Amino acid sequence: MKTERNADLLKRAAKVVPNGMYGHQSTAMLPGVTPQFFARAKGTYLWDYDGNRFIDLMSAYGPNLFGYGHAEIDAEYVRQLGEIDGATGPSGVFVELAERFVDQVTHADWAMFCKNGTDATTMALMACRAHRGRRKVLIASGAYHGAAPWCTPLPYGVTDEERAHFIYYQYNDVESLEAALAKAGDDFAGVFATPHKHEIISDQEAPDPAYAKAVRDICDGHDGLMVVDDVRAGFRINRDCSWHHLGVEPDLSSWGKAIANGHPISCLLGSDRAREAAGKIFVTGSFWFAAAAMAASVKTLELIRQSDYLERTIAMGDRLRNGLDQVAASAGLPISQTGPAQMPLIMFNTDKGARDLALTYAFSEGMITNGVHFHPYHNMFINAAMTDQDIDQILEAAETTSKTLPDLSTYQMNPMAKAAFQARLEPAPA
Ligand SMILES: Cc1ncc(COP(=O)(O)O)c(C=O)c1O
């Protein structure tokens, strides 16, 4: 696999960008062969600058739902760009898109648009606090809600004061949720929940219906607002808010990533119960009202409603999961596949059940070398442009990889990742 041109871009970036890249777009924690820069994306494929083609299991970390460069969605984007995009005020497509979301998502009576998932979760947080003028918000420990000072995972540049009014509970654990509520006392403002437990490295977990219902009951009983953060999983679990099938509807839901198939837009949706609070907070952004991404989102919602994209991504995910189980079984590899099949976290365990990071990294490296963009510790995303043939190619890559794994006792996994993750996985010394 050629890597020279990517290496050259990395070298240039290191001079003009701190660390050469920031956030999860940095490949510093990934297997060394992972390209950081890409020259082209189409359908389910990515091409790097060295001419390598990858079947992309990451789907842009979620936004790619229907395939990169989708003809109908991009045509709407371009059409709108020719009329009006970013201007002194929004275009009528702003209202149309809000109407479409209100039609599509059961709990939604209104919508507010922004750019990134973090904008939407931050607005949700502000609305919780504006609802009754209270401060304490309950958040599942380890859950990712974005990269603003209140939620970014690393401590640098963040003051304790910015985190002072969060109380952390364990996902799916009603007792810990109730304990967090008791700590909040009469300063309780609301609860954040992700659709399922989808943190990096740890096994993904489906929501226990009793937990989902308890979140709702607590917010009803104590006059707080309930938030489902659907930024990552929105429209990948169902065509409504992700807890709809559990019969649990939030007051607020945050969305981003897939809602315009990669065009830049996110939103906060809410019920009438949260309308007044959302109307009080001052939020805006120079680019939040740009019309082209909204037109792309209108078309994406139409395809979500009318196409079988969801059933396809689930079927492709199942095919991949079953195939990988077979490949792993015949190679004797202890694979761990968790999460919905269309949003899989694929790692490997030791025979004692702990994460085997070296095997996971060696496998990922093999997959990338064999033409599959594969992530060693983040959940991946199946997109609707994937075909049976693509999945079969991924399985062939997995078979080749499993037969050509390096000797793990001498394998040099990424040392930065090893240090970071071993500290997370091993219990702190007593
Ligand atoms: C659940 C969840 N919330 C919020 C965010 C933040 O979204 P963004 O990166 O668009 O700001 C993410 C991003 O991965 C996410 O997965």
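M226 is buried, as 29 other C-beta atoms lie within 10 Å, and the cut-off for that class is 20 or more. The model in which this count was made is predicted. M226 belongs to strand β8, which covers residues 225-229. Apart from neighbours within four places in sequence, M226 is in contact with G190, V191, V215, R216, C219, P250 and D251. E205 is 21 residues away from M226 along the chain, and 20 Å separates the C-alpha atoms of the two.

Buried residues account for 46% of the 430 residues. The secondary structure consists of 12 helices and 13 strands. A compact globule of 430 residues would have a radius of gyration near 22 Å, and the protein agrees with this because its own value is 22 Å. The C-alpha trace spans about 60 × 60 × 45 Å along the principal axes. Of the contacts with a separation of 6 or more, 75% are between residues 24 or more positions apart.

Helix packing comes next. Two packed helices are described by the angle between their axes and the distance between the axes. Helix α8, residues 291-306, packs with helix α3, residues 93-104, at an angle of about 25° and with the axes 9 Å apart. Angles under 35 degrees count as roughly parallel, and α3 and α8 are therefore roughly parallel to each other. Their crossing is left-handed. On the α3 side the contact is made by V93, F94, E96, L97, R100 and Q104, and on the α8 side by A291, M294, A295, S297, V298, L301 and R305. Sorted by class, the contact of α3 with α8 has 8 nonpolar, 2 polar and 3 charged residues.

Helix α8 also meets helix α2, residues 71-83; the axes of α2 and α8 come within 8 Å and cross at roughly 150°. Since angles over 145 degrees count as roughly antiparallel, α2 is roughly antiparallel to α8. The crossing of α2 and α8 is right-handed. From α2, the residues E72, I73, E76, Y77, R79, Q80 and L81 meet A291, A292, A293, A295, A296, V298, K299 and T300 of α8. This contact of α2 with α8 divides into 9 nonpolar, 2 polar and 4 charged residues.

Methods. Residues are numbered from 1 along each chain as its sequence is written. This is a predicted model: local features need pLDDT of at least 70, side-chain atom pairs count only at pLDDT 80 or more; totals for chains, interfaces and linings use all residues. Helices (H or I, at least four residues) and strands (E, at least two) are DSSP runs, numbered from the N terminus. The radius of gyration is taken over C-alpha atoms; the globule rule is 2.2 Å times the number of residues to the power 0.38. A residue is buried if 20 or more other C-beta atoms lie within 10 Å of its own, exposed if 12 or fewer, and partly exposed in between; C-beta atoms are placed from the backbone. Two residues are in contact if their C-beta atoms, placed from the backbone, lie within 7 Å. Axes are lines fitted to C-alpha atoms, for helices over the stretch in contact, and angles run from 0 to 180 degrees between N-to-C directions. Angles under 35 degrees count as roughly parallel, over 145 as roughly antiparallel, 65 to 115 as roughly perpendicular and the rest as oblique. A crossing is left-handed if the near helix is turned anticlockwise from the far one by less than a right angle, and right-handed if clockwise. Ala, Val, Leu, Ile, Met, Phe, Trp, Tyr, Cys and Pro count as nonpolar, Asp, Glu, Lys and Arg as charged, and the others, Gly among them, as polar.
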